[in-house]
4 protein chains.
Amino acid sequence: MAGPCAVEDRDQLLSAARSVASAGASMLRGGAFKPRTSPDSFQGLGVAGLELLREASRETGLPVVTEVMDPRDVAIVAEHAELLQIGSRSMQNFPLLREVGRSGRPVLLKRGNAATVDELLFAAEYVYREGNEQVILCERGVRGFDPATRNLLDLAAVPVLKARTGAPVVVDPSHATGRAALVPAMARAALAAGADGLLIEVHPNPESARCDADQALRPDEFSALMTEFERWAPLLGRTIIRPELELSVGAARKTEGT
Amino acid sequence: MAGPCAVEDRDQLLSAARSVASAGASMLRGGAFKPRTSPDSFQGLGVAGLELLREASRETGLPVVTEVMDPRDVAIVAEHAELLQIGSRSMQNFPLLREVGRSGRPVLLKRGNAATVDELLFAAEYVYREGNEQVILCERGVRGFDPATRNLLDLAAVPVLKARTGAPVVVDPSHATGRAALVPAMARAALAAGADGLLIEVHPNPESARCDADQALRPDEFSALMTEFERWAPLLGRTIIRPELELSVGAARKTEGT
Amino acid sequence: MAGPCAVEDRDQLLSAARSVASAGASMLRGGAFKPRTSPDSFQGLGVAGLELLREASRETGLPVVTEVMDPRDVAIVAEHAELLQIGSRSMQNFPLLREVGRSGRPVLLKRGNAATVDELLFAAEYVYREGNEQVILCERGVRGFDPATRNLLDLAAVPVLKARTGAPVVVDPSHATGRAALVPAMARAALAAGADGLLIEVHPNPESARCDADQALRPDEFSALMTEFERWAPLLGRTIIRPELELSVGAARKTEGT
Amino acid sequence: MAGPCAVEDRDQLLSAARSVASAGASMLRGGAFKPRTSPDSFQGLGVAGLELLREASRETGLPVVTEVMDPRDVAIVAEHAELLQIGSRSMQNFPLLREVGRSGRPVLLKRGNAATVDELLFAAEYVYREGNEQVILCERGVRGFDPATRNLLDLAAVPVLKARTGAPVVVDPSHATGRAALVPAMARAALAAGADGLLIEVHPNPESARCDADQALRPDEFSALMTEFERWAPLLGRTIIRPELELSVGAARKTEGT
């Protein structure tokens with residue numbers, strides 16, 4: 001899954017969408033509702049952003065994953081996106097988890113930045129309880145003490161989660177490291193650790209990005225990485241696919257009694 | 001501010017409310033909407049809990065502080081409580097922050113368990129932007145690595161916050177330590193560090209509490225602590241008061257440009 | 001216990017020693033062997049520093065506490081200091097712990113910056129095993145994620161340690177916060193939490209200090225703090241004393257079976 | 001580099017050494033001096049352990065890496081081992097770093113469990129200053145908050161270190177995870193992240209190990225992992241070699257001005 005941190009405008013999004021599609025991405029990511037630490041930061045285009053994502057999806061054929069932050073926005077986001085992202089700040093937003101559980105859409109649930117694996121699995125349980133078994137778990141780094149990276153990517157969580165649940169596990173090396181130069185190495189490591197997928201920020205012009213400019217790959221960097229993975233994946237016994245999410249996620253649930 | 005973690009039933013709440021009132025508490029706390037890690041844990045009584053809080057308030061004269069987790073519940077909670085609590089899991093729930101900002105009620109904003117002081121101040125800013133200047137900040141412990149305590153109480157955040165903002169700063173030693181035996185020492189330390197108030201869990205029967213049983217004080221323990229503080233506070237240049245929140249919090253804001 | 005981070009020269013040390021003595025400190029602290037992250041930083045005066053500490057002790061009557069980092073230096077440091085400090089980086093330097101255990105001198109054992117309370121007590125056990133029961137435990141902050149302070153002072157460790165051992169527990173608010181402006185508040189909080197003593201950096205000229213310049217109090221600031229404590233301590237049931245260490249520490253050990 | 005956590009007896013060590021040699025390991029690891037949290041834990045065989053390591057090395061042809069904890073032991077350890085390990089607890093044991101710097105032997109420097117990358121590079125600098133440029137850096141996990149793993153393996157430190165220094169970087173997935181079942185996934189991930197080597201615990205009988213029993217691989221598990229890596233490494237542009245350490249490490253230093 002690849003695309004810009006935030007949907008900024010039509011040109012930016014379509015350019016990003018075309019480049020990630022041609023590089024072989026399986027889904028288009030892009031934020032319309034952006035949770036930002038400061039109220040002065042760009043908060044996303046909202047519904048207008050959702051409509052641009054839809055347009056980019058129609059053009060490229062890529063399904064869309066985008067974040068929903070407010071239980072009152074679940075219906076509108078579910079109309080525009082194939083996969084609803086719960087961001088790390090919302091991992092324990094229980095009203096929101098219940099609402100996406102009722103949406104009928106698969107859910108990408110990101111681990112909170114100080115959440116244990118147990119807490120992540122309990123959060124997924126809130127979605128399952130509403131009858132929605134299509135949850136993809138995402139490791140995106142926890143709070144660390146070393147300013148060398150933005151977060152501390154906990155890749156051991158991947159095999160731990162895979163052993164404890166049948167849900168797909170993906171990794172977001174872009175938010176985890178916060179530095180584009182580290183993304184390829186951590187993307188490789190995530191796959192080698194057993195991740196089922198990756199969430200990678202790609203921006204046609206990282207320098208001018210309105211959000212997380214330091215961590216986005218340029219389209220050519222992303223394309224080179226995908227080429228490498230296509231060569232690589234078979235050795236790990238994996239195939240790179242364009243997932244039919246409803247099929248691949250459904251019925252995958254297998255959680256031990258926590 | 002004192003009272004049980006969760007409103008469990010009428011007897012429990014009224015008993016707790018009477019004991020904290022007679023011990024000299026300034027406000028009654030109690031959860032009606034409870035954010036719980038597991039969906040199997042007691043989730044609170046909801047609106048029925050709010051009504052019991054109102055009744056306890058009428059009887060004891062104590063104003064009520066209680067948590068709101070869902071932006072759609074802000075109106076109903078604001079009808080029943082004098083002070084709206086934003087829990088640590090919701091510190092960066094921006095739609096919720098905006099909604100309480102518009103509620104006209106003062107807000108008790110708890111620090112997230114991996115939030116920096118900067119991030120806490122930015123979260124307060126989301127409330128201020130809606131025209132609500134009545135924010136009380138609360139330190140309640142951050143995620144640590146030592147199982148000796150439930151969280152790691154960061155008391156240095158108190159003077160740091162006091163130096164950077166005019167908002168009142170309170171401390172929750174109950175959630176921070178997770179162990180009743182440590183609450184008195186940490187309550188004393190919080191006041192000595194400059195805290196403007198305390199949030200203490202008191203339960204008529206801690207052993208039978210449906211939530212956080214290990215950390216609630218018994219009424220006699222709370223009463224002893226209050227007696228001690230009344231003797232102590234003047235030496236710190238402080239007075240123990242029953243705050244008229246609208247007066248004490250309003251116009252207190254003074255944040256530096258972050 | 002008060003004094004400069006490092007012994008820099010005769011004038012600096014004697015000036016600091018006189019001021020802390022006249023303010024009522026119980027012991028003189030000062031580093032002759034300095035553990036420094038970078039080999040380019042000032043490493044201390046070594047044996048010459050020990051001799052200056054001795055001289056300052058003779059003049060002021062204050063016993064000396066100073067760090068020993070190398071098992072081969074224990075004998076020489078023990079000749080010059082009444083109390084041997086094991087720094088946080090050395091908390092699990094087991095050969096060193098054994099050597100100070102055999103020295104006949106009381107030991108001030110600082111908690112490592114990512115050590116649990118259990119690990120600190122086990123480290124003390126290495127000293128006890130050599131027949132040395134005179135161990136003072138010191139909380140000085142653990143590694144945190146918020147740059148607002150240098151370390152994260154874990155004051156709850158004070159009552160936890162007091163409940164689990166009979167050893168005296170002291171707190172170092174200077175290293176914990178790394179900021180002189182926060183030292184008084186955290187010193188007050190430490191005493192309120194039950195600490196038996198404090199380790200405070202005082203420098204005649206903090207701006208020119210060769211080590212940890214930002215965290216040292218000026219002599220007048222230290223003196224004001226001591227005056228405040230003399231007024232305060234009785235309310236906490238404490239007296240400020242010039243300890244006869246051999247008496248106060250000896251026979252104090254009481255550790256539960258960990 | 002593979003072998004048991006601790007040298008326990010002749011049979012255990014020779015059995016482990018033979019199995020790791022036949023599986024294609026490049027070096028034999030095994031602890032003779034063991035830093036243990038509790039003085040009641042097995043502390044290693046000391047010099048007798050070093051002699052067993054020598055014997056196992058003669059028989060298998062594998063060079064030996066073993067930990068040295070005490071500056072007074074550097075000479076004897078350097079006589080028996082080709083590579084001197086500085087454990088994570090000793091990363092800032094500056095007298096020890098200076099002593100191994102003078103030993104003429106290459107040094108394997110493990111990152112402390114709460115050390116930043118900067119602090120690790122500064123520690124290496126203490127070795128370099130004594131004229132010893134042969135330092136191998138090792139990531140072995142930092143202190144985390146999730147009991148799901150023993151430590152939190154920070155694999156992003158691998159590309160960060162590779163970008164900042166010419167020193168080889170290896171990873172210890174055994175200590176990092178503390179669980180044998182996670183070692184293969186994390187070993188794969190470490191290589192994919194760019195690690196130059198691995199430090200893996202292998203014990204002929206993990207259940208009976210006197211130290212870290214939960215994290216050692218059985219010989220057949222290790223052998224399967226090595227077979228996989230031989231197939232894999234070329235795709236990463238790497239070759240699995242039996243390093244001539246003096247050649248591969250020497251002249252490799254390239255540190256930016258920190």
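## Where chain D meets chain A

Chain D puts 26 residues into its contact with chain A, and chain A answers with 27 residues. Two helices of chain D, H6 (157-164) and H8 (183-193), each supply at least two residues of the side that touches chain A. H8(D) gives the largest share of that side, with 6 residues. Sorted by class, the side of chain D that touches chain A is made up of 19 nonpolar, 4 polar and 3 charged residues. Keep in mind that this is a predicted model.

## How the two copies are related

In general terms, two copies of a chain are related by a rotation about an axis and a shift along it.

Which residues of H6(D) are buried? They are D:Ala157, D:Val158, D:Pro159, D:Val160 and D:Leu161. Their packing partners come from two chains: helix H8 (183-192) of chain A on the one hand, and from chain D itself helix H5 (117-128), strand E6 (135-139), strand E7 (169-171) and H8 on the other.

Now for chain C. In its helix H6 (residues 157-164), the buried residues are C:Ala157, C:Val158, C:Pro159, C:Val160 and C:Leu161. These pack against helix H8 (183-193) of chain B, along with helix H5 (117-128), strand E6 (135-139), strand E7 (169-171) and helix H8 (183-192) of chain C.

## Helices H1 and H2 of chain D

The axes of H1 (residues 10-23) and H2 (residues 47-60) in chain D come within 10 Å and cross at roughly 35°. The crossing of H1(D) with H2(D) is right-handed.

On the H1(D) side, the residues that meet H2(D) are D:Arg10, D:Leu13, D:Leu14, D:Ala17, D:Arg18 and D:Ala21. The H2(D) side brings D:Leu52, D:Ala56, D:Glu59 and D:Thr60.

## A strand covered on both faces

Is strand E4 (residues 83-86) of chain D covered on one face or on both? Both: D:Leu83 and D:Gln85 are buried on one side, and D:Leu84 and D:Ile86 are buried on the other. E4(D) pairs with strand E3 (residues 64-67) of chain D in the parallel sense, over 3 bridges. Across from D:Gln85 in E4(D) stands D:Glu67.

D:Asp220 sits in helix H9 (residues 219-232) of chain D. Why does D:Asp220 count as exposed? Because it has 11 other C-beta atoms within 10 Å, and a residue with 12 or fewer is classed as exposed. D:Asp220 is also 197 residues from D:Ala23 in sequence, yet 8.6 Å from it in space, C-alpha to C-alpha.

D:Glu228 is in helix H9 of chain D too. With 15 C-beta neighbours inside 10 Å, D:Glu228 is partly exposed. D:Glu228 and D:Arg188 lie 40 residues apart in sequence and 9.2 Å apart in space, C-alpha to C-alpha.

Technical notes
Residues numbered from 1 in each chain as written. Chains lettered and ligands numbered in written order. Predicted model: local features only at pLDDT ≥ 70, side-chain atom pairs only at ≥ 80, totals over all residues. Contact = placed C-beta atoms within 7 Å. Helix = DSSP H or I, 4+ residues; strand = E, 2+ residues; numbered from the N terminus. Nonpolar A, V, L, I, M, F, W, Y, C, P; charged D, E, K, R; others polar. Buried ≥ 20, exposed ≤ 12 C-beta atoms within 10 Å, placed from the backbone. Axes fitted to C-alpha atoms, helices over the stretch in contact; angles between N-to-C directions. Left-handed = near helix turned anticlockwise from the far one by under 90°. Pairing = 2+ DSSP bridges.
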